[in-house]
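Good morning, and thank you for joining this group meeting. Please look at the sequence and the structure as I bring them up.

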2 protein chains.
Amino acid sequence: MLSLLDLRARIAAGTLTPAGAIDLCREAIANRDPAIGAFVAIDQNPVIPQDGPLAGIAVGIKDIIDTATLPTQMGAAIYEGWQPRADAAIVSRLKERGAVALAKTTTTAFASSDPTTTRNPHDPGHTPGGSSAGSAAAVGAGMLPLALGTQTAGSVIRPASFCGCAAIKPSFRLIPTVGVKTWSWALDTVGLFAASVPDLAYALAAITGRDGIEGEETSSPRIAVVRQDFAGAPEAAADAALATARAAAEKAGAQVFDLSLPQELVTAWERHGALQDFEARQALGFEVTHHRDALPPEVRRNLEAGDAVAPATYDDARRHAHRARRVLKDLFGGFDAILTFSAPGPAPATLVSTGNPRFNRLWTLMGVPCVNVPVPGDGLPVGVQVVGRFGGDGQALAVARLIEGALRG
Amino acid sequence: MLSLLDLRARIAAGTLTPAGAIDLCREAIANRDPAIGAFVAIDQNPVIPQDGPLAGIAVGIKDIIDTATLPTQMGAAIYEGWQPRADAAIVSRLKERGAVALAKTTTTAFASSDPTTTRNPHDPGHTPGGSSAGSAAAVGAGMLPLALGTQTAGSVIRPASFCGCAAIKPSFRLIPTVGVKTWSWALDTVGLFAASVPDLAYALAAITGRDGIEGEETSSPRIAVVRQDFAGAPEAAADAALATARAAAEKAGAQVFDLSLPQELVTAWERHGALQDFEARQALGFEVTHHRDALPPEVRRNLEAGDAVAPATYDDARRHAHRARRVLKDLFGGFDAILTFSAPGPAPATLVSTGNPRFNRLWTLMGVPCVNVPVPGDGLPVGVQVVGRFGGDGQALAVARLIEGALRG
């Protein structure tokens with residue numbers, strides 16, 4: 001993979017120019033993308049800032065995120081050729097910090113579950129996951145050092161796990177969603193993909209202007225291992241990855257113990273879907289009215305499910321989520337991070353499904369930061385998920401870095 | 001003013017067609033708008049549904065709200081002629097319910113404070129208020145039975161008070177903001193203007209599919225009168241309006257008492273500006289980067305203020321707001337509604353200011369429903385504000401209806 005911090009170090013040392021760093025990405029894309037298909041548009045003549053903490057960093061932008069100089073097609077035929085007027089807030093911010101929005105990456109239609117044509121960089125017969133398929137594949141394949149995704153259920157952490165890269169779904173609204181196509185306003189969260197946890201921490205600190213995110217240190221964190229039994233059993237490979245990560249954390253000095261989540265969190269998890277579907281039906285009202293028959297099947301199914309959610313059911317879901325957030329906040333008094341599954345297993349051997357977000361839904365609903373840490377092993381990539389307290393993105397990244405370092409040995 | 005319920009009754013009785021109801025609005029616009037200037041675009045050939053709870057209702061859409069068949073120009077030269085791809089979620093929903101999005105109404109640039117050219121329908125030398133200037137003026141002048149505004153500080157309740165119409169800023173996110181230009185994602189709230197409180201209740205119930213909003217009844221509500229001394233003193237006319245409304249409520253059977261808000265709410269009120277400015281600076285990142293010199297002065301001033309807000313100051317503001325919401329929720333155990341000022345006084349005699357939102361900021365930050373009730377009197381309109389608990393939009397409207405009825409009584 002292309003390390004953001006490595007590129008930045010070479011630029012700082014004067015051995016690489018920002019334009020040279022962008023060229024490295026172009027070459028990698030030329031070599032690898034024909035077999036993967038991670039991109040829907042590439043800017044052939046971008047402005048390349050010389051300064052800023054992200055100068056020389058080419059970023060992949062999920063194609064539900066508005067860009068003023070490249071089309072934004074939502075992974076949906078009905079938005080073919082659509083050119084927004086303005087960059088999304090996160091794209092503007094990246095450019096202010098020196099980055100180059102080099103390419104738009106594939107997304108499932110409206111970031112739902114109809115697969116893209118993107119292939120897993122580790123095996124072309126396997127899904128890269130979704131909905132942020134292209135961004136995960138682009139970083140996992142070493143074509144870009146940084147990419148943007150969004151997560152409403154499991155659309156950042158799951159594809160990162162499948163594609164073998166690091167990723168963070170930050171605390172809710174730490175990165176603004178202004179200019180990002182809405183599916184669920186209470187859930188949609190912009191996230192980052194990169195080669196390693198320190199790369200993520202550097203990028204998130206630079207984007208948000210919060211230096212503390214990168215600087216946070218941890219030595220012997222208290223880590224609660226949560227298996228999320230309510231979400232079903234994992235596959236053997238995911239189970240093994242969790243055990244490996246747990247052992248690595250203990251070896252690195254962490255205090256690790258098992259935790260079974262209280263019922264309030266299970267109840268909230270069960271209501272994620274109703275909340276999401278109810279909001280999606282309203283958010284995509286125009287598409288339902290004018291383009292119902294042109295919508296792909298999973299989108300249509302989701303929107304029809306939303307039609308069936310009564311306002312009272314939605315309100316009930318919101319109340320349970322609110323209560324669960326307070327319970328989780330209190331729980332975090334007893335530990336520094338949760339360690340759990342990123343996905344049920346490695347990327348499924350199919351291109352007609354993007355995999356299952358069942359181990360991700362709860363944390364998106366809670367609005368808490370989640371980091372995928374790849375676990376080295378044989379076979380296709382599998383990651384583990386480090387979950388932090390709301391607003392504790394720096395601490396979640398510090399714990400993830402500790403585990404990543406211990407795993408890499 | 002044009003009463004939505006009256007139009008609907010005539011349509012139900014078969015004495016008016018939906019197209020005829022739209023024509024009534026066109027005639028009123030032709031007669032009155034030349035002296036007011038509430039519109040930036042009018043659909044000359046709209047689809048007019050025959051069915052639905054809002055069939056025959058022409059709606060004014062504030063021009064920061066996306067429409068697929070009319071330009072959306074944000075009150076800003078840099079968006080001249082801009083044509084969005086899709087309708088905003090609220091516009092789609094209105095159309096699904098049978099309404100006609102007849103016209104785009106003037107807005108201050110990006111819903112900030114640079115005045116529009118719209119004049120107050122009650123005196124052309126006075127401001128209609130802002131930022132939802134055209135929507136308030138259009139309803140206040142009897143040109144439309146319903147219009148959409150947005151409020152981030154006081155942009156719905158204040159112009160309604162100045163223009164003499166009823167209005168509701170509902171609970172946060174009861175109406176989705178998808179497709180509405182963002183200024184502050186934690187504050188921006190879509191609201192409604194109409195001729196009376198029952199008109200608002202009918203429209204909000206129809207839009208949200210929550211029949212209970214219209215059906216709610218109240219007989220002897222407990223009403224806390226809050227003067228918001230922390231926000232400064234009102235003018236004599238606003239003070240008199242509050243006294244009149246209080247007496248009317250008591251006469252109608254309400255139990256009314258004075259309440260001084262606890263310090264947590266004052267502290268939150270003081271932090272509204274920092275929260276708003278920090279988010280606006282990010283939300284308008286594209287405009288700052290590419291069009292800084294073309295931005296009007298108040299927008300530029302707000303965005304520069306946002307540049308000066310540190311992330312820690314923003315986080316502190318959010319924490320105080322969160323705490324204050326819980327304090328307010330507990331307070332609402334002791335009463336059914338708060339009665340307070342809608343604005344410092346009648347519309348100022350100027351076209352270079354939109355007036356002051358100091359009596360509105362706290363309630364927007366709290367996310368609670370607010371209803372403007374016009375108070376009949378000599379001179380320019382003055383309203384009072386009924387504030388309900390979060391999610392209690394029906395109850396707030398019921399209390400407002402009781403007061404409105406007693407005032408008209």
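**The interface of chain B and chain A**

Between chain B and chain A, eight residue pairs are in polar contact, both residues at pLDDT 80 or more; a polar contact is a pair of N or O atoms within 3.5 Å, where within protein one must be able to donate a hydrogen and the other to accept it, and residues adjacent in sequence count only if both atoms are side-chain atoms. This is a predicted model, in which local features need pLDDT of at least 70, side-chain atom pairs count only at pLDDT 80 or more, and totals for chains, interfaces and linings use all residues. Residues are numbered from 1 along each chain as its sequence is written, chains are lettered from A and ligands numbered from 1 in the order in which they are written, and side-chain values use heavy atoms, with hydrogens and water left out.

Four salt bridges cross the interface, each a side-chain nitrogen of Lys or Arg within 4 Å of a carboxyl oxygen of Asp or Glu. One of them joins B:Glu96 and A:Arg281, at 3.2 Å from N to O. Among the elements of chain B, helix H10 gives the most to the side that touches chain A, with six residues; helices (H or I, at least four residues) are DSSP runs, numbered from the N terminus.

How many residues does the contact take from chain A? It takes 37 from chain A and 37 from chain B, where contact means heavy atoms within 4.5 Å. The area buried between the two chains is about 3,100 Å², and carbon and sulfur atoms give 53% of that; buried area is the accessible area (1.4 Å probe) that two parts lose on being put together, summed over both. On the side of chain B, B:Arg85, B:Arg210 and B:Phe286 lose the most area to chain A, together 22% of what that side buries.

Methods:
Helix = DSSP H or I, 4+ residues; strand = E, 2+ residues; numbered from the N terminus.
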